Amino acid sequence: MIVRLSGTFEAADLAAFAPALAGLVAADHVVVELSRARLPAPAVLRALTAAHAEAERHGTSVHVTGAGRALRRLLRRQAEDRPAYHEHLADAVEAALTARDARAGRRS
C-alpha cells in the first residue's frame, strides 16, 4: 500500500495521521511518499517511528521516500528503530514487496 501525503501540514495535523498510519501498517506493508508534502520533521518522525513499532508488532514494514533533508537526516540517525528510507519510490515499493513476499514465505 502506498500512502502519499500532499500539501502543508502542521504538527497538530499529524496527530490524526499517526494513528491512521499505525492502523494501516497493522494490516499491510506500507510505503509513505512525502515528496509533495511540507511537514515538520520532528512531528512526522514521531508518527513514522510509531508506525514502525506497530509494523514490527504485526510483522509488516514501513518504507519512506520523498522526505525533505531534515527528515532524511533524522531517519538515518538511528535507523534500527526507524522505518527504512529510500531515495526513490520504486526502491521503496520494491522493498515493501520483498518484505511482504518474505513474510508470506514464512507463513507457508
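**Notebook: the chain as a whole, then helix α2**

I began with overall size: for 108 residues a compact globule would have a radius of gyration near 13 Å, and the protein chain has 13 Å, which agrees. The radius is taken over C-alpha atoms, and the globule rule is 2.2 Å times the number of residues to the power 0.38.

A note to myself on the source: this is a predicted model, where local features need pLDDT of at least 70, side-chain atom pairs count only at pLDDT 80 or more, and totals for chains, interfaces and linings use all residues. Residues are numbered from 1 along each chain as its sequence is written, and side-chain values use heavy atoms, with hydrogens and water left out.

Next I looked up the extent of the C-alpha trace, which spans about 45 × 25 × 25 Å along the principal axes of the protein chain.

Then I listed the secondary structure and found four helices and four strands. Their order along the sequence is β-α-β-α-β-α-β-α. Both kinds are DSSP runs numbered from the N terminus: helices are H or I with at least four residues, strands are E with at least two.

How much of the protein chain is buried? Buried residues make up 36% of the 108 residues. Buried means under 20% relative accessible area, exposed over 50%, and partly exposed in between, with a 1.4 Å probe and protein chains only.

I also checked contacts (heavy atoms within 4.5 Å). Among those between residues at least 6 apart in sequence, 73% join residues at least 24 apart.

**Helix α2**

Which residues of α2 are buried? I noted A41, A43, V44, L45, A47, L48, A51, H52, E54 and A55. These buried residues pack against α1 (11-27), β2 (30-38), β3 (62-65) and α3 (69-77). After α2 comes G59, whose phi is positive, near 75 degrees.

**Residue V44**

I stopped at V44, in helix α2. V44 counts as buried because its relative accessible area is 1%. Leaving aside neighbours within four places in sequence, V44 is in contact with L14, L39 and L71. I looked up A15 as well: V44 and A15 are 29 residues apart in sequence, and their C-alpha atoms are 9.3 Å apart in space.
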